[in-house]
Amino acid sequence: MIARKRTGERRLDAEVAVGDNAPGRMVLLRTFGELIDHADSVVTPLLVPDTPVVIWWPGKSPEAPAADALGRLGKRRITDSACSEVPGQRLLGLAAGYRPGDTDLAWARTTTWRSLLAATLDRPVGPIMEATVAAEADKPER
């Protein structure tokens with residue numbers, strides 16, 4: 001869901017993707033005017049019962065996504081703190097209101113850094129001088 005700035009014009013732009021290029025059924029909505037304040041009412045009729053719902057704010061997101069009217073509809077809520085003016089503060093704010101199902105894309109961006117850190121910490125501290133190998137007598141292949 002992408003919320004735009006309020007204008008005098010009430011308008012809803014929608015794009016529906018079904019098939020090979022979409023993960024299941026995907027609906028991209030852009031709300032304008034007064035509809036911004038009622039996004040949950042716009043989305044609810046489109047939901048299929050017992051289907052996982054992911055709400056993604058690619059730009060500005062609410063302070064507490066799980067407490068937001070639209071966020072309550074989703075099993076997973078995705079935000080991107082990098083879109084804010086002060087990403088570190090935004091991430092701390094999101095952490096304060098965290099609920100299971102909240103995800104911020106900043107974590108995904110740290111994958112390379114996390115791999116480098118793990119590789120550094122996984123290095124042996126010195127040569128192995130002695131080892132013991134044990135197995136169950138009736139299952140030596142394990």
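Because the model is predicted, local features are reported at pLDDT of at least 70 and side-chain atom pairs count only at pLDDT 80 or more, whereas totals for chains, interfaces and linings use all residues. Residues are numbered from 1 along each chain as its sequence is written, and side-chain values use heavy atoms, with hydrogens and water left out.

The protein has four helices and six strands, where helices (H or I, at least four residues) and strands (E, at least two) are DSSP runs numbered from the N terminus. Read from the N terminus on, the elements follow the order β-β-β-α-β-β-α-β-α-α. Of the 142 residues in the protein, 23% are buried, a term that stands for under 20% relative accessible area, with exposed meaning over 50% and partly exposed in between (1.4 Å probe, protein chains only). The accessible surface comes to about 11000 Å², and 57% of this surface belongs to carbon and sulfur atoms; the areas come from the Shrake-Rupley method with a 1.4 Å probe, and for residues only the protein chains shown count as cover. Among contacts between residues at least 6 apart in sequence, 48% join residues at least 24 apart, a contact being heavy atoms within 4.5 Å.

An open sheet of three strands has the order S4-S5-S6, with parallel pairing, and two strands are said to pair if DSSP finds at least two bridges between them. Strand S4 (54-56) and strand S6 (102-104) each have a single partner strand and stand at the edges, so one side of each is left without a neighbour in the sheet. From one strand to the next the twist averages 20°, with axes taken as lines fitted to C-alpha atoms, for helices over the stretch in contact, and angles running from 0 to 180 degrees between N-to-C directions. Three bridges connect S4 and S5 in the parallel sense; Val54 stands opposite Arg76 in S5, and Trp56 stands opposite Ile78 in S5. Three bridges also join S5 to S6, and in S6 the bridge partner of Ile78 is Thr103.

Asp80 is buried, with a relative accessible area of 10%, and, leaving aside its neighbours within four places in sequence, Asp80 is in contact with Trp57, Pro58, Gly59, Asp104, Leu105 and Arg109. Ala82 is found in the loop between S5 and H2 as well, but Ala82 is partly exposed at a relative accessible area of 43%. With neighbours within four places in sequence again left aside, Ala82 is in contact with Pro87 and Arg109. Ala82 and Arg109 are 27 residues apart in sequence, and their C-alpha atoms are 9.9 Å apart in space.

Another loop, between helix H1 (39-43) and S4, holds Asp50, which counts as exposed at 84% relative accessibility. Most residues other than glycine have a negative phi. Asp50, although not a glycine, has a positive phi of about 60°.

Elsewhere, Arg11 lies over the face of Phe32, at 4.0 Å from the ring centre; a charge sits over a ring if NZ of Lys or CZ of Arg is within 6 Å of the ring centre and within 35 degrees of the ring normal.
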